[in-house]
Structure formats: C-alpha cells, structure tokens
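Colleague: Before we look at anything, could you please show me how to read a sheet and a core, taking one feature at a time?

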Amino acid sequence: MKTYLKLSAYVFFVLISISSIFAQQKEDTIYLLDGGQKKGKVITIGDDLIKFSYTGEELQYELKKNLIDKIVFGNGREESFKSTNTTT
C-alpha cells in the first residue's frame, strides 16, 4: 500500500511539473485587419513595423503596423492598433 501511495505521489508531482512547463510557453497572437492571424512571439514593436517569429522558429518576420488590428500577448494583455491605422 505504501508503494502505491509513493507511486501516486510521484506521478502527481511529474504531471504538475510538466503542466507548469507547458503553461509558460504561451504564444502571442497577431490579428490582422484582413481577418488572418499570426501566432508566435512578438519581438519588437516599432513606429511602423512589428517584428515577430513563429513558434519554434528563429527567423524573424516584419509586419507593417497599418495591417494589424491588435495583438493579444501570451500573458493576456491586448494592444490595439485600430487608432493608429489610417486609410488613404
């Protein structure tokens, strides 16, 4: 019976450890004005461009800010770009 309890406690600890590791790997989501989405990690937000990389990649991409509706960061914070977008 003690072996069963030790095994159960060990399995519980391992599952909690694994879930906390995966919980820390949340993605940022970029919502485009055309309805598309890009998921990955936002690296920089400049005056006219946003640099990001897709999850699992190191290559950096650039998006023009005027094509972006909003960004929802992995921590839940949202940044809207609607007011900075202008149509000509």
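Colleague: In what order do the six strands of the open sheet lie?

Modeller: Strands here are DSSP runs of at least two residues, numbered from the N terminus, and two strands pair if DSSP finds at least two bridges between them. In this predicted model, the open sheet runs E4-E3-E2-E1-E5-E6 with antiparallel pairing. Strand E4 (61–64) and strand E6 (78–80) stand at the edges with a single partner strand each, so one side of each has no neighbour in the sheet.

Colleague: Over how many bridges do E2 and E3 pair?

Modeller: Strand E2 (residues 37–45) pairs with E3 in the antiparallel sense over five bridges, and Ile-45 has Ile-50 in E3 as its bridge partner.

Colleague: Which residues form the largest nonpolar core?

Modeller: A nonpolar core is a set of buried Ala, Val, Leu, Ile, Met, Phe, Trp, Tyr and Cys residues joined through side-chain atoms within 4.5 Å, where buried means under 20% relative accessible area with a 1.4 Å probe, protein chains only. The largest one has 10 residues, including Ile-50, Phe-52, Ile-68 and Phe-81. Strand E1 (28–32), strand E3 (49–54) and E5 each supply at least two residues of this core.

Colleague: Is Asp-69 buried or exposed?

Modeller: Asp-69, which lies in strand E5 (residues 68–72), is buried, with a relative accessible area of 17%. Its contacts, meaning heavy atoms within 4.5 Å, include Tyr-31, Leu-33 and Lys-82, if residues up to four places away in sequence are not counted.

Colleague: What should I remember about the numbering and the values?

Modeller: Residues are numbered from 1 along each chain as its sequence is written, and side-chain values use heavy atoms, leaving out hydrogens and water. Local features need pLDDT of at least 70 and side-chain atom pairs count only at pLDDT 80 or more, while totals for chains, interfaces and linings use all residues.

Key. Helix = DSSP H or I, 4+ residues; strand = E, 2+ residues; numbered from the N terminus. Buried < 20%, exposed > 50% of the residue type's maximum accessible area, 1.4 Å probe, protein only.
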